[in-house]
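Please read the following walk through the structure with the model open.

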Amino acid sequence: MTQVKVCGSTTLEDIAIINAEHPDYAGFVLAGGRHHVSDEQLAKLTAALDPTICKVAVVVEPDLKHLIRLHDEHLIDAVQLHRVSRKKTIVALQQAGLMVISRIDVSAPSTVADIALLDAGDGSGETLSWNDLPPVVQPLMLAGGLDGNNVQQAIMAVHPQIVDASSRLESNGHKDAKKVHAFITAVRAIKEEL
């Protein structure tokens with residue numbers, strides 16, 4: 001059964017949409033960019049989030065002390081590393097109790113992380129070529145250019161454990177309730193067919 005992650009929430013209005021549609025994971029971008037949230041924003045957003053949804057911090061350059069502190073404060077449950085990361089970093093996060101999702105690519109197709117991430121770019125919204133992916137041993141998260149129109153095709157081609165979408169679920173820079181609904185409904189329709 002494919003799980004769903006909706007990434008890049010920045011407002012309480014976004015969180016209301018997330019709570020209504022109830023994906024398995026909600027992503028909060030601690031890296032730079034237009035979806036970036038500060039620790040203060042993260043605290044406010046996660047306080048409003050349904051507690052049964054897994055809270056994922058999305059980072060490029062992991063600051064271990066910072067991430068472990070956020071976990072200790074119950075602001076995050078997992079970390080998504082958007083660069084191919086060193087084993088030592090991943091293991092340190094896991095030992096602190098965090099689930100780790102780490103990017104892989106053709107040059108580095110394996111990871112000790114709990115979940116391997118395949119993404120066309122750094123949250124660019126580009127779509128991967130689903131037929132040319134490196135073989136992956138552990139569970140896989142597929143990201144990059146997914147929305148309600150193409151996610152079923154992606155699931156059938158790649159069979160990921162998790163599908164992740166952000167910018168394609170937005171209108172005017174904020175989560176669009178209809179687009180989030182279409183994405184999650186499409187994934188759940190596949191669940192029922194399999």
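Which side chain meets Arg69 in a salt bridge? The partner is Glu73, with 3.2 Å from N to O. A salt bridge here is a side-chain nitrogen of Lys or Arg within 4 Å of a carboxyl oxygen of Asp or Glu. Glu73 is partly exposed, with a relative accessible area of 41%, and Arg69 is also partly exposed, at 36%. Buried means under 20% relative accessible area, exposed over 50%, and partly exposed in between, with a 1.4 Å probe and protein chains only.

This is a predicted model, in which local features need pLDDT of at least 70 and side-chain atom pairs count only at pLDDT 80 or more, while totals for chains, interfaces and linings use all residues. Residues are numbered from 1 along each chain as its sequence is written, and side-chain values use heavy atoms, with hydrogens and water left out.

By the salt-bridge rule the count comes to seven. One of them joins the side chains of Asp164 and Lys5, at 3.0 Å from N to O. This pair links distant parts of the chain, since Asp164 sits in strand β8 (residues 162-165) and Lys5 in strand β1 (residues 3-7), 159 residues apart. Helices (H or I, at least four residues) and strands (E, at least two) are DSSP runs, numbered from the N terminus. Are the two partners buried or exposed? Asp164 is buried, with a relative accessible area of 5%, and Lys5 is buried at 0%.

Another salt bridge is formed by the side chains of Asp147 and Arg168, at 3.4 Å from N to O. Asp147 lies in the loop between β7 (140-143) and α5 (151-158), and Arg168 in the loop between β8 and β9 (170-171), so the pair ties together parts that are 21 residues apart in sequence. Asp147 counts as buried, at 12% relative accessibility, whereas Arg168 is partly exposed, at 35%. Elsewhere, salt bridges with shared partners join Arg34, Glu170 and Lys175 into one network.

The backbone is the next topic. Most residues other than glycine have a negative phi. His22, which is not a glycine, has a positive phi of about 50°. His22 is placed in the loop between α1 (12-21) and β2 (25-29), and it counts as partly exposed, at 29% relative accessibility. Asn172 is not a glycine either, and its phi is positive, about 55°. Asn172 is found in the loop between β9 and β10 (174-175) and counts as exposed, at 78% relative accessibility.

How do α1 and α2 pack? The angle between α1 and helix α2 (residues 39-48) is about 30°, and their axes are 9 Å apart. Axes are lines fitted to C-alpha atoms, for helices over the stretch in contact, and angles run from 0 to 180 degrees between N-to-C directions. The two helices α1 and α2 are therefore roughly parallel to each other; angles under 35 degrees count as roughly parallel, over 145 as roughly antiparallel, 65 to 115 as roughly perpendicular and the rest as oblique.

Leu12, Ile15 and Asn19 of α1 make the contact with Lys44, Leu45 and Ala48 of α2, where contact means heavy atoms within 4.5 Å. The residues of this contact divide into four nonpolar, one polar and one charged. Ala, Val, Leu, Ile, Met, Phe, Trp, Tyr, Cys and Pro count as nonpolar, Asp, Glu, Lys and Arg as charged, and the others, Gly among them, as polar.
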